[in-house]
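Hi,

Here is the structure I promised to pass on. Have a look at it first, and then read on for my notes.

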Amino acid sequence: MKLQDIKKYLNETRNWYIVLTSPWKEKKIREDLDNKGIISHLPTTYVQYKWKEKIRKIQIPTINRCIFIYATDSEIKTLRVTYSILPLEMIKIED
(Lines give C-alpha, C1' and ligand atoms only; values in the text may rest on other atoms or scores of the structure.)
Protein backbone atom coordinates (compact mmCIF):
# COMPACT_ATOMS: atom_id res chain seq x y z
CA MET A 1 0.00 0.00 0.00
CA LYS A 2 1.35 3.40 -0.96
CA LEU A 3 1.62 6.44 1.30
CA GLN A 4 -1.11 8.37 -0.53
CA ASP A 5 -3.43 5.38 -0.02
CA ILE A 6 -2.68 5.31 3.70
CA LYS A 7 -3.40 9.04 4.18
CA LYS A 8 -7.07 8.64 3.24
CA TYR A 9 -7.54 6.04 5.99
CA LEU A 10 -6.01 8.08 8.83
CA ASN A 11 -9.24 9.91 9.74
CA GLU A 12 -10.75 6.63 11.04
CA THR A 13 -10.00 5.18 14.48
CA ARG A 14 -7.59 2.30 14.05
CA ASN A 15 -5.56 0.00 16.30
CA TRP A 16 -2.62 -2.32 15.76
CA TYR A 17 -3.28 -6.06 15.66
CA ILE A 18 -1.29 -9.18 14.89
CA VAL A 19 -2.45 -11.68 12.27
CA LEU A 20 -1.17 -15.17 13.00
CA THR A 21 -0.26 -17.13 9.87
CA SER A 22 0.77 -20.62 8.88
CA PRO A 23 4.52 -21.22 8.58
CA TRP A 24 6.04 -19.71 5.41
CA LYS A 25 2.75 -18.06 4.37
CA GLU A 26 3.50 -14.56 5.68
CA LYS A 27 4.24 -12.94 2.30
CA LYS A 28 1.20 -14.43 0.57
CA ILE A 29 -1.16 -13.38 3.38
CA ARG A 30 0.33 -9.89 3.41
CA GLU A 31 -0.37 -9.62 -0.32
CA ASP A 32 -3.97 -10.75 0.32
CA LEU A 33 -4.36 -8.12 3.06
CA ASP A 34 -2.92 -5.42 0.78
CA ASN A 35 -5.36 -6.42 -1.96
CA LYS A 36 -8.21 -6.00 0.55
CA GLY A 37 -6.99 -2.48 1.38
CA ILE A 38 -5.73 -3.32 4.90
CA ILE A 39 -2.70 -1.39 6.16
CA SER A 40 -0.14 -4.07 7.05
CA HIS A 41 3.52 -4.41 7.97
CA LEU A 42 5.71 -7.49 7.64
CA PRO A 43 9.18 -6.88 9.07
CA THR A 44 11.80 -8.76 7.06
CA THR A 45 15.52 -9.34 7.14
CA TYR A 46 18.05 -10.62 4.62
CA VAL A 47 19.98 -13.82 5.33
CA GLN A 48 22.49 -15.80 3.33
CA TYR A 49 21.82 -19.45 2.57
CA LYS A 50 24.08 -21.92 0.82
CA TRP A 51 22.55 -24.26 -1.74
CA LYS A 52 24.76 -26.58 -3.78
CA GLU A 53 27.90 -24.45 -3.59
CA LYS A 54 25.96 -21.24 -4.26
CA ILE A 55 25.40 -18.59 -1.67
CA ARG A 56 22.11 -16.73 -2.05
CA LYS A 57 20.80 -13.78 -0.14
CA ILE A 58 17.08 -14.12 0.56
CA GLN A 59 14.53 -12.07 2.45
CA ILE A 60 12.68 -13.78 5.30
CA PRO A 61 10.20 -12.55 7.94
CA THR A 62 11.91 -11.23 11.06
CA ILE A 63 9.09 -12.55 13.26
CA ASN A 64 7.83 -15.91 12.07
CA ARG A 65 4.09 -16.39 11.55
CA CYS A 66 3.14 -12.75 12.38
CA ILE A 67 1.91 -9.83 10.30
CA PHE A 68 1.08 -6.49 11.92
CA ILE A 69 -2.06 -4.73 10.70
CA TYR A 70 -3.50 -1.29 11.42
CA ALA A 71 -7.26 -1.72 11.15
CA THR A 72 -10.65 -0.43 12.26
CA ASP A 73 -13.07 -2.48 14.37
CA SER A 74 -15.26 -3.18 11.34
CA GLU A 75 -12.27 -4.43 9.32
CA ILE A 76 -11.26 -6.70 12.21
CA LYS A 77 -14.74 -8.23 12.38
CA THR A 78 -14.52 -9.05 8.69
CA LEU A 79 -10.96 -10.41 8.91
CA ARG A 80 -11.65 -12.64 11.95
CA VAL A 81 -13.67 -14.93 9.70
CA THR A 82 -10.51 -15.82 7.74
CA TYR A 83 -7.54 -15.12 10.04
CA SER A 84 -6.49 -15.55 13.66
CA ILE A 85 -6.07 -12.02 15.02
CA LEU A 86 -4.65 -10.85 18.35
CA PRO A 87 -4.76 -7.31 19.73
CA LEU A 88 -1.27 -5.99 20.41
CA GLU A 89 -2.10 -5.64 24.13
CA MET A 90 -2.25 -9.44 24.48
CA ILE A 91 1.44 -9.80 23.69
CA LYS A 92 3.58 -9.90 26.84
CA ILE A 93 7.08 -8.57 26.37
CA GLU A 94 9.51 -9.61 29.07
CA ASP A 95 12.59 -7.55 29.97
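In what order do the four strands of the open sheet lie, and is the pairing parallel or antiparallel? The order is β2-β5-β1-β6, with antiparallel pairing. That puts β2 (39-41) and β6 (84-87) at the edges, each pairing on one side only. On average, neighbouring strands are turned by 35 degrees against each other, direction ignored.

Please keep in mind that this is a predicted model. The protein chain has an average pLDDT of 85, and 81% of the residues score at least 70. Confidence is highest in α2, at a mean of 94, and lowest in helix α1 (residues 3-7), at 66.

Within the sheet, β1 (residues 15-20) and β5 (residues 66-71) run antiparallel and are joined by six bridges. If you want a place to start looking, Tyr 17 stands opposite Ile 69 in β5.

Now to the helix on the sheet. α2 (residues 26-35) packs there, touching β1, β2 and β5, and its direction makes about 15 degrees with that of β5. Which residues of α2 are buried? They are Glu 26, Ile 29 and Leu 33. These residues lie on the same side of α2, because they cover an arc of only 70 degrees around the axis. Their cover includes β1, β2, β4 (54-61), β5 and α3 (73-79). On the face turned away from that buried side you will find Glu 31 and Asn 35, which are exposed. After α2 comes Gly 37, with a positive phi near 85 degrees.

Note on methods:
Residues numbered from 1 in each chain as written. Predicted model: local features only at pLDDT ≥ 70, side-chain atom pairs only at ≥ 80, totals over all residues. Heavy atoms only, no water. Pairing = 2+ DSSP bridges. Helix = DSSP H or I, 4+ residues; strand = E, 2+ residues; numbered from the N terminus. Axes fitted to C-alpha atoms, helices over the stretch in contact; angles between N-to-C directions. Contact = heavy atoms within 4.5 Å. pLDDT = per-residue confidence, 0-100. Buried < 20%, exposed > 50% of the residue type's maximum accessible area, 1.4 Å probe, protein only. Arc of directions from axis to C-beta.
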